[in-house]
Amino acid sequence: MNNKYKLHEFLDVNRLQTLQDNFSKSMMIALVIVDREGVPVTRPSGFSDFCARSRMNQTLAQHCYDSDRAGGEAAMRAGKPVVYRCYCGFVEFAVPIMINNHYLGAFISGQVKVEEEKEQSIPFILKDNLLYQESPWLTDLHAQTRPMPYERFESTADTLLHVASYLVEQAHANNIQRELRQKDLELNNELHKRVEIERSLHEAEFKALSYQINPHFLFNVLNTIGRLAFLEDASRTETMVHDFSDMMRYLLRKNNNGLITLGQEMNYVNCYMSIQKVRMNDRFEYQCDIPSKYNDVVCPFLTLQPLVENFFNYVVEPREMKSHILIRATDDGKDVIIEITDNGDGISPEAIEHILSGKQNRQKGGIGIINIKKRLQLLFGESYGLQISSPYKPMLGTTIKLRFPMVLA
């Protein structure tokens, strides 16, 4: 297989470590990320005492690496999570990390025991051996390994597959941005190719902007799922996982030109709000007034959710009182007008000017807002964009207004 991509070169290992630690802690399951050879590229998270001690022994560690490599390759061939038993009998799963059909490595998770009847039906990834039983101490640690219901174990594997896909998408966006900078330099030396290169930049810029998603929310979701698994009924956890899965599918299955329908965009926003409602309970109220007649109106992919996320970051989170947000749609016969209104403390005129000019990208959600403005102009023309209005007084909030053409020209 072509080795064009290396996992440690394509993905930020420090960010992988953070995600891995959060996922392992929230799901209470062991996790490590390995390269295509089965060698760990991250520090293990949540490893059982047996596995942590076994890997201190060079011979046993090699068996672990061989199992991890075989599990990752099996997942790569399947293109989805693969459940198996490692050489010492623990139940594990491997989730492939792939980009453009190139296998980079895998998430290896598990080190658990499941229901005995189910466990016996799970094949060993390699030939099992009892070498660890030469040590009474390791044998005792092996017997103490915690059990996990298989249904929950399998659901964890599916969730991690969405996370892996998300990571690759985001890394791909970073590569696109690097290519943008390189192409911009080439423009200065190859003026006779300017028209063709500008078209390429136009398309790449849109893709890069639409991929910029804050991973902080992803980590919050994973932690919340873990808490609900122990504190709430399974039905609530199942609903939350489904909402989250719908969000991931929306992010990963968009079309190439970056356009979807307002109905699809609002379905994603509603899933997001449903998850936030579980996280924050009664700290906010959400009202949506978008008539169904606008469902088929075309809009840019991932336009409204970043604005709703700013509501939580800058209105809900900083204060204890209940917050409100309203999303409504009207039209003037030519354009659909979307207004997002909250009851926060507002934004100063100077800050609004800086945000819309791109001078304040790192504050008050500026990077998301300026991206949306640019995307609207790229897709629909310079007369479209984004407006922000605010009296800049406590509890009087902020209104963000967007326009989409009722019918594309």
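**Entry 1: the overall count.** I started by counting elements and got 14 helices and eleven strands in the protein. I'm noting here that this is a predicted model.

Entry 2: Next I looked up burial: of the 409 residues, 50% are buried. For the surface, I found that the protein exposes about 20400 Å², with carbon and sulfur atoms supplying 48% of that area. Then I checked contacts between residues at least 6 apart in sequence, and 70% of them join residues at least 24 apart.

**Entry 3: a sheet.** I went looking for strands that sit side by side. I reminded myself that strands of a sheet pair through backbone hydrogen bonds, either parallel or antiparallel. Here I found four strands in an open sheet, ordered 1-4-3-2, with antiparallel pairing. Which strands are at the edges? They are strand 1 (30–35) and strand 2 (82–85), and each pairs on one side only.

**Entry 4: zooming in on one pair.** I picked strand 2 and strand 3 (residues 91–99), which pair in the antiparallel sense over four bridges. For Tyr-84, I found the bridge partner in strand 3, namely Glu-92.

**Entry 5: helices against the strands.** What does helix 4 (residues 58–78) touch? It packs on the sheet and touches strand 1, strand 2, strand 3 and strand 4. Its direction makes about 55° with that of strand 3. I then turned to helix 2 (residues 13–27), which lies across strand 1 and strand 4 (102–112). Helix 2 runs at about 155° to strand 1.

Note on methods: Residues numbered from 1 in each chain as written. Predicted model: local features only at pLDDT ≥ 70, side-chain atom pairs only at ≥ 80, totals over all residues. Heavy atoms only, no water. Helix = DSSP H or I, 4+ residues; strand = E, 2+ residues; numbered from the N terminus. Buried < 20%, exposed > 50% of the residue type's maximum accessible area, 1.4 Å probe, protein only. Contact = heavy atoms within 4.5 Å. Areas by Shrake-Rupley, 256 points an atom, 1.4 Å probe, with all protein chains shown as cover. Pairing = 2+ DSSP bridges. Axes fitted to C-alpha atoms, helices over the stretch in contact; angles between N-to-C directions.
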